[in-house]
6 protein chains.
Amino acid sequence: MSDLTAKLASTSKVEMTQLVMPPDATGLGIAFGGRVMEWTDLAASMAAMRHARMPVVTACIDQLSFLAPIRVGQIVVLRARVNAVFGSSMEVEVNVVAEDPANGERRDCCEAFLTLVALGPSGTPAKAPILLPQTEEEEQRAREAVARRAARMARRRKA
Amino acid sequence: MSDLTAKLASTSKVEMTQLVMPPDATGLGIAFGGRVMEWTDLAASMAAMRHARMPVVTACIDQLSFLAPIRVGQIVVLRARVNAVFGSSMEVEVNVVAEDPANGERRDCCEAFLTLVALGPSGTPAKAPILLPQTEEEEQRAREAVARRAARMARRRKA
Amino acid sequence: MSDLTAKLASTSKVEMTQLVMPPDATGLGIAFGGRVMEWTDLAASMAAMRHARMPVVTACIDQLSFLAPIRVGQIVVLRARVNAVFGSSMEVEVNVVAEDPANGERRDCCEAFLTLVALGPSGTPAKAPILLPQTEEEEQRAREAVARRAARMARRRKA
Amino acid sequence: MSDLTAKLASTSKVEMTQLVMPPDATGLGIAFGGRVMEWTDLAASMAAMRHARMPVVTACIDQLSFLAPIRVGQIVVLRARVNAVFGSSMEVEVNVVAEDPANGERRDCCEAFLTLVALGPSGTPAKAPILLPQTEEEEQRAREAVARRAARMARRRKA
Amino acid sequence: MSDLTAKLASTSKVEMTQLVMPPDATGLGIAFGGRVMEWTDLAASMAAMRHARMPVVTACIDQLSFLAPIRVGQIVVLRARVNAVFGSSMEVEVNVVAEDPANGERRDCCEAFLTLVALGPSGTPAKAPILLPQTEEEEQRAREAVARRAARMARRRKA
Amino acid sequence: MSDLTAKLASTSKVEMTQLVMPPDATGLGIAFGGRVMEWTDLAASMAAMRHARMPVVTACIDQLSFLAPIRVGQIVVLRARVNAVFGSSMEVEVNVVAEDPANGERRDCCEAFLTLVALGPSGTPAKAPILLPQTEEEEQRAREAVARRAARMARRRKA
């Protein structure tokens, strides 16, 4: 039986650190977008699994923006967390920071919002546990996730 | 010197075929989201390079939706094309279809809109060539890209 | 039950596009032969699967020639198609073209003829569907495949 | 000029999270040792780079023990930190925990002590910054690192 | 200056051992052809480099036959050697054996003949050292390589 | 039934040759430690499997020292062999040599001692066959393995 007790928002937090190696980069020495997306999806999946305690699948990327290039030799830190739960869907936010090991300087490089879905034993969507925000910041994130979802629904109705 | 002659919309089309192998999948035998995102970014990059004839970099994913799971052993066909050009930015659309080799049946699996930026010799954004739609469908795509861009700008101003 | 209806030669066509990335290349910035062979085998497998609608296995490479080096940053287009069917065996031809994204110039880089075998449910060779050439070019390819097969058989008898 | 100011022990801490995927495992579904070693070396390298703010190279693994098997689908958390500095050498400790996403249970899976060396601009060993332990636990780790180093030296003299 | 002293045939021998892992295989648990071709090309390249003491590039596969399937968990041993030298070209033979670790049984799985070309400092073909066969078997291999080359030339003239 | 006949020490020998490619290296062109550890573990596993004729798992690295850097473009030869057997445990030694293809010069680059454990059908440790040293050198290796094991046990008791 799955564990549907409400979970603290902080339970889902994931910190994933990667060293950018030559195969992650284009000929120009900059990490190529597809690799960063792959890492982002992995970090988001682990955050959603930590919250749901079930297998999860990515339903969509609502938005993913590259803010600055990431270079070979930099340390990349991805932080993922569940912002809000809507039945079987979870909005996960991922923030990516690149750190220059020569001086420790950090720079925001990528920000993404993804929707993942919890899967039951039959592989179909299953209700995820309720999310309990504790801090003011966590409540703010949940409110913004609700607003983003409403805007998304509105856009879809128009299309 | 770069070649800034206007280009036909059809020049940028890319067809990329992949056989889904075990390392592309999770333990459940389903291609994991991050791998499909990586392929999508590659296909989009090649479409943008074919149009711009310059190096390109991915600026953002405006939307990427998974419509159906992709399984190990299936043939995945990604089709990418530039929909519209805005100075140095290009909206690229990618459609992903999975084909069951046992019966040839095809199914839409993923749809994405990305913005890529053309880069000049100094690595900074550079004007991309104008896009010439020829068919009614290509004109329709360009109009929709303009509308999506306006909506995006409006959302960003609000945020 | 497998679908053994005769198939048009054009049904099997595959177009596979790859962006040559640093891990595909040697220290000299040239795609290493083994990687191109791997892509060639994948493209050939997908063409044979599209024709046979069964699992397939590569039996041999009859000939594979590199005509020009492929460089990091180039777009590689592999085109594969079934030329002829001999019981459970299929001759597949793969043509590899490298495209320079800076000017759109294309160059033939590799040409290969492979024999793949269709596999039945027990994993043993199974009759593949008949191939229907439609154009004059497709008939020419089928005739040449028969000649290559005869020459191969003759060489094998001598050895 | 490199930054040789003494650094707090906590500055070097790295948390690296990996989802164990099928290509990381043997046919038995267990992460193979070499992959875990690769991750361990990466985590250790990032901890050493964060302390030294210079390129680093792994000189040796003094001991690496697997305590429990790691399975496909588990979340692996590697924690690395510099224990002590000896001129240009740093002892880095890595602890690996596997988490079962179905119930959140965590289990110690691997523990390793590595020696890494800081490299100056010419690629030869260069003095690393002094390490400042702050907590009682950090002082304990530094003392034990000194003892391990003495034992290692003694063994080497005998050999 | 390159070292053009004649080399013994045995100097070029390479033994390359691989453990077949899940990512090397198709969903059926059998190493896919493209991976074995990649390994074959690597082994051939190392044999040619050992003989020529120059960078080398693969010009063609004259023939590559799969004799038996290779399974996940098996140990694959590839043996490569230069058979004969023709100016800047070298014929390299690769034999692939799969070993079942449960009983030590070995089985011939793949046999290939490749032509590689030695490259001078400017990246163009350069004369490779003369090959000195010592044993009767090595002389036999050289004679057969000459015959294969003559047959290849004859086929090419006809085409 | 497993084959527990005593095996000659030479039966377990493995020679594994790798060409160091760009994805194996850091930005500095030097093979990164984790990759060499991965290869070392694979070579050790194959040696242990050849001796035990059972699945094996790595229990620990007792010591692994890098003696010299390995560069992109070099040929790496790993030689592994079982030194001694202790019930279900085997001490495996791996020696890594890097060869410069430009002049054939070889250099010791890494030396490691690992303990691997044979696994029975239920996945639990199972008695491995006895090892029969034949040469004086093989006897010497077995004696040293016994001494290393005793020292390890003593250290563990102290800790």
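How are H1(C) and H1(E) oriented to each other? I started my notebook with that one.

**Ground rules.** I am reading a predicted model, where local features need pLDDT of at least 70, side-chain atom pairs count only at pLDDT 80 or more, and totals for chains, interfaces and linings use all residues. Residues are numbered from 1 along each chain as its sequence is written, chains are lettered from A and ligands numbered from 1 in the order in which they are written, and side-chain values use heavy atoms, without hydrogens and water.

**Helix pair.** I looked up helix H1 (residues 33–52) of chain C and its partner H1 (residues 33–52) of chain E, and found an angle of about 165° with axes 8 Å apart. Helices here are DSSP runs (H or I, at least four residues), and axes are lines fitted to C-alpha atoms over the stretch in contact, with angles from 0 to 180 degrees between N-to-C directions. H1(C) and H1(E) are therefore roughly antiparallel (angles over 145 degrees). Among the residues in contact (heavy atoms within 4.5 Å) I noted C:Met37 and C:Asp41 of H1(C), and E:Met37 and E:Asp41 of H1(E).

**Chains A and D.** I laid chain D on chain A by a turn of 180° and a shift of 0.0 Å along the axis, with an RMSD of 0.0 Å (least squares on C-alpha atoms of residues with pLDDT of at least 70 in both). The two copies are thus related as by a two-fold rotation axis.

**Rings.** I found C:Arg149 over the face of C:Phe86, 4.4 Å from the ring centre, and E:Arg148 over the face of E:Phe113, at 3.8 Å. For this, CZ of Arg must be within 6 Å of the ring centre and within 35 degrees of the ring normal.

Note on methods
Helix = DSSP H or I, 4+ residues; strand = E, 2+ residues; numbered from the N terminus. Parallel < 35°, antiparallel > 145°, perpendicular 65-115°, else oblique.
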